[in-house]
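Please look over the chain and its ligand below before reading on. The notes that follow are meant to be read beside the structure.

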Amino acid sequence: MEKLFSIKMRSSKEGIHISGAERIVPEHQVEEVVGELYWRAREHSRGEADFISIKVEKLKEKPVYLKAPPIYELKTELPIEEVLTLLFRRACIPENLGLSIYSLILRGASPSGRVMRGAMIVEVPSGRRLEPDRERGVRASYLDISKEATRKLKKSAGDRFTENLKEALTLTTKILNYPGVLGELCVSDDPDYTTGYFSIPKVGYFRIFNLKPKGFPFGGRAIFVKEKINVEEFIEYLEKKPIIVSEVVGYSS
Ligand code: PML
Ligand code: MG
Ligand code: MG
Ligand code: MG
């Protein structure tokens, strides 16, 4: 089999993060994808980057191929807290804990009141925060979605497809696939991207429009886990284990 490479890009302007993306591709696509990520960094809507880092690295282990959860678009007149309450219950997360984490994300969850670059890890039911670095959080890495799965996702999501959806689905598929994870809540930190989600292993990715007000600069991710999860191993999995989403189930609206 052809060798696989991880390619990671991050860009910033005057020290402030603008964009980031990563891929896992066979050797013959490396050059092309490096170019794509370069242009993605250059043309980002948040502004022109003055720093772009692109890292190319041969994978040391074979990726795990995973199936994404089904996507359900939630259309409801209910207040957002009520929608979340129903989802938290489905995931066996006490609603008070879930809702307090949601409001923490909206306030800027790091100790200094900024957006965390990575996710917080929240133990259920204690609410204890397990991520070692509360300022940064934990970032899942070494992930991608296959061309075939992307094609299927685009086809089933139709005009509801966005690049953010694709990347979020890939990321949460990795997160949900670790034993002991109960769910993940994500509010975009992009001021104009108001769609977020709550995902539950073996149940689905519940896509929620207007999870925050338009123009709102805060956002973040919380991974809810069972007590007694081995945090070091979980973080090692999130940060290092390569995964590729090779199957998507579909999009229901
Ligand atoms: C979606 O379902 O449209 C993705 C929601 C999360 C986006 C997170 C981000 O890219 O900031
Ligand atoms: Mg998922
Ligand atoms: Mg972001
Ligand atoms: Mg984003």
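What follows is a briefing on the overall fold, the sheets, the ligand shell and some single residues.

This is a predicted model, in which local features need pLDDT of at least 70 and side-chain atom pairs count only at pLDDT 80 or more, while totals for chains, interfaces and linings use all residues. Residues are numbered from 1 along each chain as its sequence is written, and chains are lettered from A and ligands numbered from 1 in the order in which they are written.

**Overall fold**

- The protein holds six helices and 13 strands, where helices (H or I, at least four residues) and strands (E, at least two) are DSSP runs numbered from the N terminus.
- A compact globule of 253 residues would have a radius of gyration near 18 Å, and the protein, at 18 Å, agrees with this; the radius is taken over C-alpha atoms, and the globule rule is 2.2 Å times the number of residues to the power 0.38.
- Along its principal axes, the C-alpha trace spans about 50 × 40 × 40 Å.
- Of the 253 residues, 34% count as buried, a residue being buried if 20 or more other C-beta atoms lie within 10 Å of its own, exposed if 12 or fewer, and partly exposed in between, with C-beta atoms placed from the backbone.
- Among contacts between residues at least 6 apart in sequence, 67% join residues at least 24 apart; two residues are in contact if their C-beta atoms, placed from the backbone, lie within 7 Å.

**The antiparallel sheet E2-E1-E3**

- Three strands form an open sheet in the order E2-E1-E3, with antiparallel pairing, two strands being paired if DSSP finds at least two bridges between them.
- Strand E2 (16–26) and strand E3 (51–58) stand at the edges with a single partner strand each, so one side of each is left without a neighbour in the sheet.
- Neighbouring strands of this sheet are turned by 10° against each other on average, direction ignored; axes are lines fitted to C-alpha atoms, for helices over the stretch in contact, and angles run from 0 to 180 degrees between N-to-C directions.
- Strand E1 (residues 4–13) is joined to E2 by 10 bridges in the antiparallel sense, and Ser 12 has His 17 in E2 as its bridge partner.
- Helix H1 (residues 30–42) packs on this sheet, where it touches E1, E2 and E3 and makes about 15° with the direction of E1.

**The parallel sheet E4-E12-E7**

- Another open sheet of three strands has the order E4-E12-E7, with parallel pairing.
- Its edge strands are E4 (64–67) and E7 (143–145), each of which pairs on one side only, and the twist averages 30° from one strand to the next.
- E4 and strand E12 (residues 243–247) run parallel and are joined by four bridges, with Leu 66 opposite Val 245 in E12.
- Helix H5 lies across E4, E7 and E12, running at about 125° to E7.

**The pairing of E6 and E11**

- E6 and E11 pair in the parallel sense over six bridges, and Glu 123 stands opposite Val 225 in E11.
- E6 is mostly covered, since five of its six residues are buried.
- The peptide bond from Val 124 to Pro 125 is cis, with omega near 5°, and Pro 125 is found in the loop between strand E6 (119–124) and E7.

**The shell around ligand 1**

- Ligand 1 is surrounded by 13 residues, of which the closest are Asn 164, Leu 165, Ala 168, Ser 188 and Thr 195; a residue is near a molecule if its C-beta atom, placed from the backbone, lies within 6 Å of it.
- Helix H5 (163–176) and strand E9 (196–200) are the elements that give two or more residues to this shell, and H5 gives the most, with three residues.
- The shell divides into five nonpolar, five polar and three charged residues, where Ala, Val, Leu, Ile, Met, Phe, Trp, Tyr, Cys and Pro count as nonpolar, Asp, Glu, Lys and Arg as charged, and the others, Gly among them, as polar.

**Loop residues**

- Thr 194, in the loop between strand E8 (181–187) and E9, is partly exposed because 18 other C-beta atoms lie within 10 Å.
- Thr 194 and Lys 212 are 18 residues apart in sequence and 5.4 Å apart in space, C-alpha to C-alpha.
- Asn 210, in the loop between strand E10 (204–208) and strand E11 (220–226), has phi near 55°, a positive value in a residue other than glycine, and is exposed, with 10 other C-beta atoms within 10 Å.
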